[in-house]
Amino acid sequence: MSFSWARPYEPKHPLMRWIDDRLPLPRLVYGAVGGGYPVPRNLNYWWNFGVAAGLFLTIQIITGIVLAMHYTASTDGAFNSVNGLIMRDVNAGWLLRYAHMNGASFFFIVVYIHIFRGLYYGSYKAPREMVWMLGLVIYLLMMATAFMGYVLPWGQMSYWGAQVITGFFSAFPVVGEPLRIWLLGGYAPDQAALTRFFSLHYLLPFVIAGVVILHVWALHIPGSSNPTGVDVKDERDTLPFHPFFTAKDGWFSGAILLLYAIVTYFAPDYLGHPDNYIPANPLATPAEIVPEWYFWPFYAILRSFTVDFILPAKLWGVLAMFSSILLLFFLPWIDRSPVRSGAYRPVFKRFFWLLVIDVIILGWAGGGAPTPMRNVISQLAAAYYFLHFLVILPLVSAFETPLPLPRSISDSVLHGEEAEAAPVASKPRRSRTATAVAE
Amino acid sequence: MRFILGFIGAVFAGVLLISLISGVATYVKSPPAPLASEEFHLPPKHVHFASDGPFGRFDMRQVQRGFQVYSEVCSACHSLKLVSFRDLKALGYDDAEIKKIASDWKTQVPSINPDTGEETTRKALPSDNFPPPFPNETAARAANNNALPPDLSLITKAREGGAAYVYSILTGFQNQPPELLKKFPDAKTPPNLYYNPYFANLNIAMPPPLTTDGQVQYSDGTKPTVDQMARDAAAFLAWTAEPNLEARHAAGIAVVIFLLIGTILGYLAYHQIWDEAKRAVRPTGPLDPENQAKARRAKAKAGVAG
């Protein structure tokens, strides 16, 4: 692709040549995920989560399409179609449903790791700003899709979650309440809301797939970043995507699927809330309304604002919650350090891990009932979140002295020549045994 | 731009600080009053069911006994809307038995008289779901002091603690402890409610359903103590909530083994492919084919058998 040593596609079979002359699809695949895409050879396992995210998007679309064949998008029928028909009578319906439920959670798990990898290794920096921002667009679309999907079974948490989340819009003055009513198609979540959520829940994954194509396209212009953050200099720094990274992604995807299968088959409801097995009841508010676990950090930020200070507390919460994601779009310009990788930024590295802990604390705070203690912790953690991105990061990038960078990627790989030579030296012996056996 | 963003960050942090201070001040000025339901609520009892754990399977004899408890006791008030009579086949009943259970069921299924077109009822068929004891919510509330007995199809999935919670509720009825009344004189259990520390707000509208040993006569010789009946009912409701549990566990074991083998093979293939790349990192050095050939020649010259 972008590197001069990237191999152009040469069809081996006449049929492929015939196709390639008329529609260069084989060429596209070869250049995108084949031998024609040179990848920095020093990628570590944190770089495997992008492919894993694509895998879960595929799983979600396939299971979702089949589930939609059996689902009834009506307030009377939705709960029974999921918990009666699909879970009991559809062939392997329980598997489809649990795979879809937990597939959403695993999609978020791998995407969160993918995002934090980008934060640590400075993957958002030039020339990959567009890759980063398209990734954030995917993430926002995922949040919208996941929220609407959670409404579809029409359980108690579905209903009250929809009530709370669409309520965000009513925080805005003047336009807020009419906007909320327009979005819901009524004064509260009801048939109109359920049907449109179903329609959009079916549409948005394909929009996500489209933005994923743009995301990968934008990635292929500069090529993948790498753990040193040093630019690729020559051919020795790279390996073709296929077979090296297809093999690496292949076995690693198997390992992630293994974890996914264990949760799906042996603890399918572990990540869910019991209240969603109670049919939606507009007259009975659950003891506590909590969203799915992947929204807990943002829910904590929302709830942390408890005082009407100039603006109403609710509006502060909603503004802060939206800002907490939108500020990430500015990250390439907030963090001006020329060094990409956190491995060579001693101060940044400390604050990065503080941020990881902070987000975990926010998740804990957003997942439980708001006790006074939890509120205080949540407020401190939310304040740190904003200070981290908007105050600490610009200062760190201005004052930090980074460690010396390796001259090139191959240099960084070569550091342990002797250590590396040992296992490989045994290789010829193995082939000799093979010849002996053949004889 | 960074100054504007830094300012926004400081504003959010400042408002959070104000929220924090005002929250702490409110807490100090008027600490929240302790609630009886916070202090006296108990987590579900520890009780084991055959269906627990990753390899769990239902004890179908127990589930059958639980079905008997449901049909003789619970079904007077609680519906089981998502379960149909034909599902009982999984418990070990044959077609004739299921037909009989369905047609003998105490409530009938709403129907239309084929001759007059008038509303009527008919006997249940194996293909019917369990008909609810009350025709609608209003009727159910009218017969139960305005409380609504929840549908039991999914009850073990809809409550924290699952089957253990159901068992704890069924065996948890007791008199209100005197310490509670001493500490919270206003928290006396109101009339028509029953004290049960396993229930979230301590006072449940359901009267104790299982009160005496032998309330249900088991045909398999199991002694029908209250504890046993509660255990069996909970086991039955674990089955109604998750009838495909055994298929799920069996498939899960197969899938995990399959993925494990696939992942190991993938890992070995990955190593095979990367070993070459790792050698190719530096075409010079001891592993350079030319140098290796030199080394071999030197060894041969020295008379070392290679």
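Leaving aside neighbours within four places in sequence, V211(A) is in contact (C-beta atoms, placed from the backbone, within 7 Å) with L134(A), V137(A), I138(A) and L141(A). V211(A) belongs to helix α9 (residues 191–220) of chain A; helices are DSSP runs of H or I with at least four residues, numbered from the N terminus. With 17 other C-beta atoms within 10 Å, V211(A) is partly exposed, since a residue is buried at 20 or more such atoms, exposed at 12 or fewer, and partly exposed in between. The model is predicted, with local features requiring pLDDT of at least 70 and side-chain atom pairs pLDDT 80 or more, while totals for chains, interfaces and linings use all residues. Residues are numbered from 1 along each chain as its sequence is written, and chains are lettered from A in the order in which they are written.

Beyond four places in sequence, V110(A) is in contact with F49(A), A52(A), A53(A), F56(A) and I256(A).

In chain B, the axes of helix α3 (residues 60–72) and helix α9 (residues 226–241) come within 7 Å and cross at roughly 100 degrees. Axes are lines fitted to C-alpha atoms over the stretch in contact, with angles from 0 to 180 degrees between N-to-C directions. α3(B) and α9(B) are therefore roughly perpendicular, a term for angles of 65 to 115 degrees.

Methods:
Two residues are in contact if their C-beta atoms, placed from the backbone, lie within 7 Å. Helices (H or I, at least four residues) and strands (E, at least two) are DSSP runs, numbered from the N terminus. Angles under 35 degrees count as roughly parallel, over 145 as roughly antiparallel, 65 to 115 as roughly perpendicular and the rest as oblique.
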